[in-house]
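Let's take a walk through this protein together, one feature after another. Keep the structure open beside the text as you read.

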Amino acid sequence: MRNLNYKEIIYLDSIELNSYLSQLDQGLIDSKQSSTSSGESTSEENKTNGQVGASFGLNFGVNSELKNSETQTEAVNESLNIYFKDYQLQRLLNKAEHDNLISDSPSEGDLIKVTGDFDIFSPSLVSNINPKKIDAISRISGQNKGERKDTENTLKNIASIGNLLENLLPETALIKVGADSTAILENSNIRSNLGQLNTLLGTKRKITLLGIVDSIALKGKRNIDGLGDLMNSGLQVIAYLNPALLDMTLSSMGLIKKGDFMVKPIAVYFE
C-alpha cells in the first residue's frame, strides 16, 4: 500500500521554507546534531539508544542500537538534517491548510500551491546543444542535405535562446505548472542533476509547486512595451530591462503569458 504522506521531492529551498515556517512558529528547530568537544576523529565505538527526534514529535525509525566510529556518526547526523528539512515541508503544508494560508485568488506576496501538468526548461542544457554533432544523427535517420541544414539552423536558434536565458538566469532552471504559474529554480536546490530532469518530461503524473507569488508576468514595469515611457527617467529604466527582456523571451517560448504568476518556489514535488 502506498504511503499517502510520501512526497517525491524534486526541489526544496530550505532557506525559504524555514524562514516562512519559523515566522509562523516564532522560531524553528531545524535539526539535532551531536559533536565531540575535541573535534578529532576517533575509532572508539559509540553506542546510542533511543528515538532520535522524539522531542520534535518525530520518529525516524532509529530505535535500534547504533555502533559507529566518530566519522560514521557524522554521516548519520548529516542524513538526519535532511530528514528534518523534508518533514518541515509537511509541517508547512499542514499549517497552510489548517490556517487557510493558501488563497484561491492569489496576488503578489501570497502563498500559492498549484498542482497540474508541467514543463521544465534548463537554459544551460539547451545552450550546450551542438548542431554539428546532431548532424551525424540526422544523416543516420535519412534526412537529405536540405533537411539537415534546416535542422542545424533551428538548433542554432534554440541554442541562442538558451545562451540568452543563461545570461539572464545563471545557474537556474524553469518550470511551468498548470496554466498560469512559472517558477525559477536554483540548480543547487534541485535534487537531481539537470540531465535527470529530462526523464520527468512526458510523465502522466501531476506535479505540485509551492511558493510565493513574486510578480505578475508582462504587466506594469515588467511589460517591455511600456519601457519606452520610462526612457526619459534616466538610469531608473535599466533596472527593468532584464525582467522585461526575460518576460518577453519566456513569452516567445510559450512558458508564460500576460497575467501569469511568477512564483518564488519553496518546493516542487510529486505526491
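In this predicted model, the second largest pocket has a volume of about 300 Å³. Ten residues line that pocket, and those closest to its centre are Asn5, Tyr6, Lys7, Asp86 and Gln90. Which helix gives the most to this lining? That is helix H2, which spans residues 70-98 and supplies four residues.

The average pLDDT of the chain is 76, and 67% of the residues score at least 70. Over residues 34-72, however, the pLDDT is below 50, although this stretch has 47 contacts in the model beyond near neighbours in sequence. Where pLDDT is low, the predicted coordinates should not be read in detail.

Now step back to the whole chain. You can trace seven helices and nine strands. Of the 271 residues, 37% count as buried. Among contacts with a separation of 6 or more, 77% are between residues 24 or more positions apart.

How many aromatic pairs does a search of the whole structure find? It finds one. The partners are phenylalanine 118 and phenylalanine 270, arranged edge-to-face, with 5.9 Å from centre to centre and 65 degrees between the planes. Phenylalanine 118 belongs to strand E5 (residues 118-121) and phenylalanine 270 to strand E9 (residues 261-270), so that the pair joins positions 152 residues apart. Phenylalanine 118 counts as buried because its relative accessible area is 10%, under the 20% cut-off. Phenylalanine 270 is buried too, at 2% relative accessibility.

Next, find leucine 250 in helix H7 (residues 238-252). Is leucine 250 buried or exposed? With a relative accessible area of 0%, leucine 250 is buried. Leaving aside neighbours within four places in sequence, leucine 250 is in contact with Leu165, Leu174, Leu255, Ile256 and Met262. Take leucine 174 from that list: 76 residues separate it from leucine 250 in sequence, while their C-alpha atoms are 9.6 Å apart in space.

Isoleucine 161, in helix H5 (residues 145-168), is partly exposed, with a relative accessible area of 31%. Beyond four places in sequence, isoleucine 161 is in contact with Thr249 and Met253. Isoleucine 161 and methionine 253 lie 92 residues apart in sequence and 9.1 Å apart in space, C-alpha to C-alpha.

Finally, turn to the backbone in two loops. Most residues other than glycine have a negative phi, and most peptide bonds are trans. Asparagine 100 has a positive phi, near 55 degrees, without being a glycine. Asparagine 100 sits in the loop between H2 and strand E4 (111-116) and counts as exposed, at 66% relative accessibility. Glutamate 171 also has a positive phi, of about 60 degrees, although it is not a glycine. You will find glutamate 171 in the loop between H5 and strand E6 (172-177). Glutamate 171 counts as exposed because its relative accessibility is 61%, over the 50% cut-off.

Note on methods. Residues numbered from 1 in each chain as written. Predicted model: local features only at pLDDT ≥ 70, side-chain atom pairs only at ≥ 80, totals over all residues. Heavy atoms only, no water. pLDDT = per-residue confidence, 0-100. Contact = heavy atoms within 4.5 Å. 1 Å grid on protein atoms, 1.4 Å probe; cavity = no way out; pocket = protein on both sides within 12 Å on 5 of 7 lines; lining within 4 Å. Points joined across faces, edges and corners; volume = space filled by probe spheres on them. Phe/Tyr/Trp six-rings, centres within 6.5 Å; stacked < 30°, edge-to-face > 60°. Buried < 20%, exposed > 50% of the residue type's maximum accessible area, 1.4 Å probe, protein only.
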